[in-house]
Amino acid sequence: MLPNVGDVFSGKVVSTVPFGSFIEHPAGAHGLLHGRQAEVGSSVQVKVLAVDSEQQRFSLELA
């Protein structure tokens with residue numbers, strides 16, 4: 001289940017890549033926090049910027 005644009009949640013950092021960090025939504029989906037390297041396993045407060053239901057992905061910013 002994907003979140004809605006504008007949702008704010010606290011998610012766990014599950015992995016990092018050169019262009020950002022993937023954050024796990026409480027429902028299990030993973031979204032990209034672009035341009036931020038966060039420590040894997042840490043918790044961050046994020047806001048949903050955009051949702052692509054066709055690709056089953058969403059982008060985030062720090063809340």
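Two strands count as paired if DSSP finds at least two bridges between them. Strands here are DSSP runs of type E with at least two residues, helices are runs of H or I with at least four residues, and both are numbered from the N terminus. With those terms in place, let us turn to the fold.

The model before you is predicted; local features need pLDDT of at least 70 and side-chain atom pairs count only at pLDDT 80 or more, while totals for chains, interfaces and linings use all residues. Residues are numbered from 1 along each chain as its sequence is written, and side-chain values use heavy atoms, with hydrogens and water left out.

In this model, 5 strands close into a barrel, in the order β1-β2-β3-β5-β4, with mixed pairing. Neighbouring strands of this sheet are turned by 50° against each other on average, direction ignored; the axes behind that angle are lines fitted to C-alpha atoms, for helices over the stretch in contact, and angles run from 0 to 180 degrees between N-to-C directions. In general, strands of a sheet pair through backbone hydrogen bonds, either parallel or antiparallel.

Both senses are present. β2 and β3 pair in the antiparallel sense over 5 bridges. Within that pair, G20 has H34 as its bridge partner in β3, and F22 has L32. The hairpin of β2 and β3 has 5 residues between the strands, and G28 takes a positive phi near 110° there. By contrast, β3 and β5 pair in the parallel sense over 2 bridges, with L32 standing opposite S59 in β5.

The UniProt record, in an unreviewed entry, places the feature "domain: S1 motif" at residues 6-63. UniProt positions are given in the numbering used here, feature names are shortened, and annotations may be inferred rather than shown by experiment. Over residues 6-63, the chain is 0% helix and 62% strand, and the end C-alpha atoms are 10 Å apart.

I turn now to the interior. A nonpolar core is a set of buried Ala, Val, Leu, Ile, Met, Phe, Trp, Tyr and Cys residues joined through side-chain atoms within 4.5 Å. Buried means under 20% relative accessible area, exposed over 50%, and partly exposed in between, with a 1.4 Å probe and protein chains only. The largest nonpolar core has 12 residues, including L2, F9, I23 and F58. β1 (8-17), β4 (43-52) and β5 (57-62) each supply at least two residues of this core, and β4 gives the most, with 3 residues. V44 touches F9, S10, G11, V13 and I23, not counting residues up to four places away in sequence; contact means heavy atoms within 4.5 Å.

Two polar residues deserve attention. S21 lies in strand β2 and counts as buried because its relative accessibility is 0%. A polar atom of the S21 side chain lies 2.7 Å from the backbone oxygen of R36. Leaving out residues up to four places away in sequence, S21 touches several residues, among them V13, L32 and A38.

H25 is found in the loop between β2 (20-24) and β3 (30-34). Is H25 buried or exposed? H25 is buried, because its relative accessible area is 15%. The side chain of H25 reaches the backbone nitrogen of A27 at 3.0 Å. Beyond its neighbours within four places in sequence, H25 is in contact with P3, F9 and F58.

Finally, E54 has its place in the loop between β4 and β5. E54 counts as exposed because its relative accessibility is 77%.

Methods
A polar contact is a pair of N or O atoms within 3.5 Å; within protein, one must be able to donate a hydrogen and the other to accept it, and residues adjacent in sequence count only if both atoms are side-chain atoms.
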